[in-house]
Number of protein chains: 4
Amino acid sequence: MKKVRVAIFGASGYAGEELLRILLRHPAAEITAITSRKNAGEPVENVFPRFTGSGLKFTAPDVESIAAGCDAAILALPHGLATEFALPLLAHGIRVFDISADFRLKSAAKYKEYYKADHPAPELLAKAVYGLPERYREQLRSADLVACAGCYPTSSILPTAPLLAAGLVSPRGIVVASCSGVTGAGRKVDLPYIFPECNESLRAYGVIGHRHLPEIEQEMAFAAGVPELAINFIPHLAPMNRGINSTIVLDAMPGCTLEKLGEAYEAAYGHEQFVRVLPPRRTSDTKYVFMTNTCEIGYNLDAHTGKVILTSAIDNLTKGASGQAVQCLNIRFGLDEAAGLL
Amino acid sequence: MKKVRVAIFGASGYAGEELLRILLRHPAAEITAITSRKNAGEPVENVFPRFTGSGLKFTAPDVESIAAGCDAAILALPHGLATEFALPLLAHGIRVFDISADFRLKSAAKYKEYYKADHPAPELLAKAVYGLPERYREQLRSADLVACAGCYPTSSILPTAPLLAAGLVSPRGIVVASCSGVTGAGRKVDLPYIFPECNESLRAYGVIGHRHLPEIEQEMAFAAGVPELAINFIPHLAPMNRGINSTIVLDAMPGCTLEKLGEAYEAAYGHEQFVRVLPPRRTSDTKYVFMTNTCEIGYNLDAHTGKVILTSAIDNLTKGASGQAVQCLNIRFGLDEAAGLL
Amino acid sequence: MKKVRVAIFGASGYAGEELLRILLRHPAAEITAITSRKNAGEPVENVFPRFTGSGLKFTAPDVESIAAGCDAAILALPHGLATEFALPLLAHGIRVFDISADFRLKSAAKYKEYYKADHPAPELLAKAVYGLPERYREQLRSADLVACAGCYPTSSILPTAPLLAAGLVSPRGIVVASCSGVTGAGRKVDLPYIFPECNESLRAYGVIGHRHLPEIEQEMAFAAGVPELAINFIPHLAPMNRGINSTIVLDAMPGCTLEKLGEAYEAAYGHEQFVRVLPPRRTSDTKYVFMTNTCEIGYNLDAHTGKVILTSAIDNLTKGASGQAVQCLNIRFGLDEAAGLL
Amino acid sequence: MKKVRVAIFGASGYAGEELLRILLRHPAAEITAITSRKNAGEPVENVFPRFTGSGLKFTAPDVESIAAGCDAAILALPHGLATEFALPLLAHGIRVFDISADFRLKSAAKYKEYYKADHPAPELLAKAVYGLPERYREQLRSADLVACAGCYPTSSILPTAPLLAAGLVSPRGIVVASCSGVTGAGRKVDLPYIFPECNESLRAYGVIGHRHLPEIEQEMAFAAGVPELAINFIPHLAPMNRGINSTIVLDAMPGCTLEKLGEAYEAAYGHEQFVRVLPPRRTSDTKYVFMTNTCEIGYNLDAHTGKVILTSAIDNLTKGASGQAVQCLNIRFGLDEAAGLL
């Protein structure tokens, strides 16, 4: 069988490292290029010693030559820059899987509001398929451009979408409080991220207007079948490497019961390999999804306040980024959806 | 000046260790007894090497003999057991500062609902003063029995009470999401608390009916001037030793502005030594209160949803337990309120 | 191809969890039984949620019925107990891979000295093959009983053996200082291992007479070709989940140079998949072997003191336990040595 | 009583933060200036929120104006820069306590060898008193310039000096393996120190020629009464904020016994407030010295190899830096040696 040839753009960060880890043992994909402006010319082990022996070498991100030797490109680049590469790659007929936020929002206006810049290619927004397989699997089968879902959005949308779609919870007044490990900030060298500033520290940040907010609202509105909704999304930084735990509080609609919640999840995720819905009343734990592509979901109903309480856990680098990109790629190329991910 | 003589009951846990740390450098208090059934007869350094040289020795919790040599007793005992010691100590005229939950609720019915047992001394509930100096300082000056505020409650009540009292936020629909370090579980030897189970783990627990819930609701209702209210309180365990960060989402009332929020805090806490209200829009961080008796508060107003977003950070063992007990003791005995706490 | 059928005895600890993780994606092995006295009858996900969907269930360790359905047994049991299971399993013709210490020492007298009990089956000591493939690959191909190398020994023997064998370093006066993550203590529920006792703690333990000492000395002596040697082995507990870093100081023999050290390593490990020798003067890092079966080795020569300084890093649960057991099993059954381990 | 007026140069790093923490509750010292080029003009709480309310403000390091208002200066500056400030401060009659390495070595040649530059003021090397009170208390009483002992050196010299002086251990072939928390690297914003690079990482560094090596050798030689000695000092980075644990292996001299080791320690440290010698055979733990000025020492004798095994633990920011500087200052100004340090 011919393997899918994959180029990774921006391979020297944590999402890039996770892509390498996954793709190096993927039975039906091979890595044909890894790019890094800073490390061009160096063997991969200079940056990631664990990949010694893979024979991979960073190159400059030269689209022409790379496109000639690949079927798919995964972009682990900063937003804005991703579009600059997506455009010529698409022109060369390469399938593009973008881990950045560039193509996740359907509205160019929202993009401008949250990213403080005009979208560089608004015509692509309608064409891009949102890379969350449990919601958009059919569209992904033929997508040219996949906007892989963000880490916080994945952890927020998967637990809520089936309940919103079933009318079991209200689309109004949703509160999402999430805690992320420090790799969520990328491999960023900045004072707030050095070890002594993070260890024994737990802190909220971006409590108003975080860039993942419109993405979460967009997908929740789609699920609920409403034109718009507004939520509170409050991310926190926690002293761990990997993992996001999201706790979500929603108003139960009349007639909502624990059983109905369970049924909605069973209908939505009963056949999903990468969603694990816990028995009622239990709570998710980042430990149980560490270095896996699974989203773990717990649900509960508080009779005292009439609220549904959801918890979800993902590994931000796997299901929240690189694992999800590979899952989308597997779907797009007709491979086993779990290839490389178990 | 004669020092206040203090006995510590249940001194071999983390709250006990923190009491020792604080009281050993307290200029106006001296420790006259430390009790531990398990370690009776042993020098304190067998359990806490850092206190080598203090000359302290654990004894059995013999109330008669201990009461003869102390003015105050701090109880760092499990709930239920605390009452067994509080009763005879009070009978001997000793001032009692209880770190357990035994006397925090005014309603014996609520106690029974949440602690699954009849309250052992319901007649004391009205008499006990809630040990949160920033709210009950005057009553504390003459209290015989102080029910020191719990860790999660302290982190929830201090940021919300002034806003509820000023009518700037609604008492309905409040959501509190808190993350605690592992010492919050006490020095408990149980599988979920061993290092490999906690490290890289972030998880909610007790999302419905946590025992701190009625305590938080009681004090929020008092502040709001309403007979009752119901909130969602969702605690999480985070991989750190100390610290609680609480994120609180409330409905802004009409006319609420950032300035008015700031003014309400200034009025309430402008002269408080142990509350630090951050400039608007900033967020609290457990790192900045580590091993201090300070509660740090951040506030924000989300025009998008009409919600007030509060964050607060305390050290669960200091302001959330032992530091607060000493602060209450200082007030009760007419000492400098900050003695031993800076 | 018929898969090798593997039973795991004592599957509810961390080594058991790691065996499950590896074997569930092993292309040529299948798990036919997992035992746990405590959890017998429960689905594996009750203990390890990450394995939900595997269909595995813990059973009581009934050798008769389990032996009927397996080709190999991996014992992740406490020492002493391992022998009780190894004997009947061997009698049934099952290949036994023991992760405990029961069969690692060739001398029953040493066993008694360090384990304070007569060896329960001394006649097997000569028969057992030491499960360190880079040293005993040929013998492993036909072994009935494999005594998988311990975690500290693996990290100590791999970096030193080629140098001792080449006469580049002295077998006298070797000092090994190792730091291990907390899973090294097993899934043990005991006060020293709860999170707040380990976090911000680094401490030596067992500095004299640790049970891994005679195992390290035995293998170093074999490598050096001397009847006996005595070393100092000093283990430490570090606040992390996984990983052992060993720093080893040895006397350079006359004529020893960095080049010769590199040549000795190249000869010994140039073709090894699971040993990574770093360029001279660099040092190993547990981070780079996290959740891999690799041993990373760094070497240096201190002209100032005439000492060779080695550092090595392994993941104590993978190369130090379960990964190594699977590597041995792969060799024994003629599979790709790296199957399941990449 | 008139308080000692102290200026802190370079107050925006971790040693500066620790100095602030200590001096703000020092009963006999007051802070009259804190300098930071980068933060000049800002209130201290911009950098360290915990000191809100102290009224302190960073200023530029203007020696003239600062010297006019202080009795002592503590330099928490990079090496090299420290001398630039020490010279004019001494000229103004200010007592200087230098936390950098500038004045620790008695030999300008050694300084050049390890710091790759000519010493900027070699004439001061003989005049500076080494700031390790347990070794040089008498000289410190009248010192104008104190070269506070480094963190690794403190943890290495205190446990070894009494034994070397008593001839119980050999000055030849000493091996020191130390593990340090990440604050040991200062508040440095660099890739190796961000949280995800340190967490789950344990690694040796600077295994040959670390800058603390000649300092340790110098003081060990003084203690042993030999002109020179050479040791192996191997530092490691461990995933924690604070703390150094050193494990030291030395050759026992004929006649050395556990009792004699205990007697040597008793003679040296029996009256010391900040050295805690554990009962024989126990080991030190960084947890027990966290945020204290204590050095904890454990000792053992290995009959098997004839080695003495020492372990020691300090808090690198307290006894390893700022606490020690204040201890020296207390001695120099005739204050209670423990003032501010309990």
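Student: How much area is buried between chain B and chain A, and what share do carbon and sulfur atoms give?

Tutor: This is a predicted model, where local features need pLDDT of at least 70, side-chain atom pairs count only at pLDDT 80 or more, and totals for chains, interfaces and linings use all residues. Residues are numbered from 1 along each chain as its sequence is written, chains are lettered from A in the order in which they are written, and side-chain values use heavy atoms, leaving out hydrogens and water. Buried area is the accessible area (1.4 Å probe) that two parts lose on being put together, summed over both. Between chain B and chain A that comes to about 3500 Å², and carbon and sulfur atoms give 60%.

Student: Which residues of chain B lose the most area to chain A?

Tutor: Three residues together make up 20% of what the chain B side buries. They are B:Glu200, B:Leu202 and B:His304.

Student: How are the two copies related?

Tutor: Superposing chain B on chain A takes a rotation of 180° with 0.0 Å of shift along its axis, at RMSD 0.0 Å (least squares on C-alpha atoms of residues with pLDDT of at least 70 in both). The copies are therefore related as by a two-fold rotation axis.

Student: How many salt bridges does the rule find across the interface of chain B and chain A?

Tutor: The rule wants a side-chain nitrogen of Lys or Arg within 4 Å of a carboxyl oxygen of Asp or Glu. A:Arg203 and B:Asp285 meet that way, at 3.7 Å, N to O. Across the interface of chain B and chain A, the number of salt bridges is four.
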